[in-house]
Amino acid sequence: MKAVFNILKREIRNVSKDASLFLILLLAPILYAFMYGSIYLNKGEEKVKLALVDADGTAISRTLTSELNSTSIIDIIPATDLDDAKEKMSRGEVQGYFYIQKDLEKLLLSQKQANVNVVLNASRFLPSSDLLSTVTKVCLTVGAGVRKTYFNKQGMSDEEAMTMTNPINLDYRPLYNPDMTYGSFLLPGLLAIILQQTLLIGVAASFASEQEEKKLGGLYDLSGKNISKIIVGKSLLYFFVFMIFGLFFTVVNFSVFGVEVRGSYWNLALVTAIFISTIIVFGMLIGSFFKTKLLTFQVMVFSSYPIFLITGYSMPYIALPGFIQFCSDLLPTSPFLKAYISIVQQGGSLVDNLPTIVHLVLLWLLFSLLLIFRIRFLTKNKELVAG
């Protein structure tokens, strides 16, 4: 136990004296969490500009225009004609245009089909998706109102008219992300990735510096030639610091960004503890293959985006190619994000996420064994031991 404590004190001194390690391990998690998280503080888009061409100019077309403009998503920009609307969209002044055909009201009141057209700039996915869903809802609502008015004029009561207007009533209730915003979907996973990458890069660089400065031999002697004590001693600092960061993200950042934790905080803490332990040994294993700390930073800094893409968070896991799924399964990020999102957003329990937790534990065992063999190999190198 004394050897583990001595290694812990040694690790604290090394990190406190190394400005780059201190920055990436102690300052970067907080700075990145607030900096990147603030981008999605409002979570959803508001008042996306949509050009409108009203070729009908009747009460129904004005009602349709008013309903569109009253939504929080759409900001109507009048256009004189289709050419004007197309020009506004090509210049980027609007994200699309809505065309109301001539004789719209006449056709509707005579119970004939009438058309409206919406043309969207799909090069930007979020605005076009939000506009399309909002325009569709408004058109269906206004169309239902016209049908109800027609049935009322035929002598039907309001209840009978509503039944004829909507013979099938859709009960639409989105779960876990009721506002259907991109920010609410992305923020929990983004904060988890920030926690992981700062830890992974920092631990890998710290272990690489042991080889760069020829200190691995001295560390081996300090541990009493016990590799397990090396791993535990070096891990303790990072484990406690990043558990505090994980608690900070859950309590402070989630509160600031309006993210609700629907599951148990204790379940979340346990899953996070297993994940952090796995990332620590994974980071040491990666760092053991680098000769310099600088090279570690240069290589590992580019790993964040590829890791995020193959975890199945931004794209469904089942849609990934087979080889990418295999690589994803070897990363602690993939099972952690499944359990993490289940607990945070869906209110899942440990029992609900037992397969992913077992997956994470198996990865921890695998990386720990590989790290023990790797350190044993390195300590047999006379050049390193002599240091």
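Author: Y340 is buried, with a relative accessible area of 5%; here buried means under 20% relative accessible area, exposed means over 50%, and partly exposed lies in between, for a 1.4 Å probe and protein chains only. The model is a predicted one, in which local features need pLDDT of at least 70 and side-chain atom pairs count only at pLDDT 80 or more, while totals for chains, interfaces and linings use all residues. Residues are numbered from 1 along each chain as its sequence is written, and side-chain values use heavy atoms, with hydrogens and water left out.

The partner of Y340 is F336, and the two form a tilted aromatic pair, 5.1 Å centre to centre with 35° between the planes. Rings of Phe, Tyr and Trp (for Trp, the six-membered ring) pair if their centres lie within 6.5 Å; planes under 30 degrees apart count as stacked, over 60 as edge-to-face, and the rest as tilted. F336 also counts as buried, at 1% relative accessibility. Because F336 and Y340 are four residues apart in helix 15 (residues 333-346), about one helical turn separates them. Helices are DSSP runs of H or I with at least four residues, and strands are runs of E with at least two, numbered from the N terminus.

By the ring rule, the count comes to nine aromatic pairs. Among them is F308 with Y313, a tilted pair at 5.8 Å centre to centre and 55° between the planes. F308 and Y313 are both buried.

The axes of helix 2 (residues 19-39) and helix 10 (residues 227-256) come within 11 Å and cross at roughly 20°; axes are lines fitted to C-alpha atoms, for helices over the stretch in contact, and angles run from 0 to 180 degrees between N-to-C directions. Helix 2 is therefore roughly parallel to helix 10, since angles under 35 degrees count as roughly parallel, over 145 as roughly antiparallel, 65 to 115 as roughly perpendicular, and the rest as oblique. The crossing of helix 2 past helix 10 is right-handed, a name used if the near helix is turned clockwise from the far one by less than a right angle, with anticlockwise giving left-handed. Helix 2 contributes L25, L26, P29, I30, A33 and F34 to this contact, and helix 10 contributes residues including F245, F248 and F249; contact means heavy atoms within 4.5 Å. By class, this contact has 14 nonpolar, one polar and no charged residues. Ala, Val, Leu, Ile, Met, Phe, Trp, Tyr, Cys and Pro count as nonpolar, Asp, Glu, Lys and Arg as charged, and the others, Gly among them, as polar.

Helix 2 also packs with helix 8 (residues 182-212), at an angle of about 165° and with the axes 9 Å apart. That angle makes helix 2 roughly antiparallel to helix 8. This crossing, too, is right-handed. Residues of helix 2 in the contact include L25, P29 and A33, while those of helix 8 include L191, I194 and G202. The classes here are 16 nonpolar, four polar and no charged residues.

Beyond helix 8, K214 lies in the loop between helix 8 and helix 9 (216-222). K214 has a positive phi of about 55° although it is not a glycine, and is partly exposed at 30% relative accessible area.
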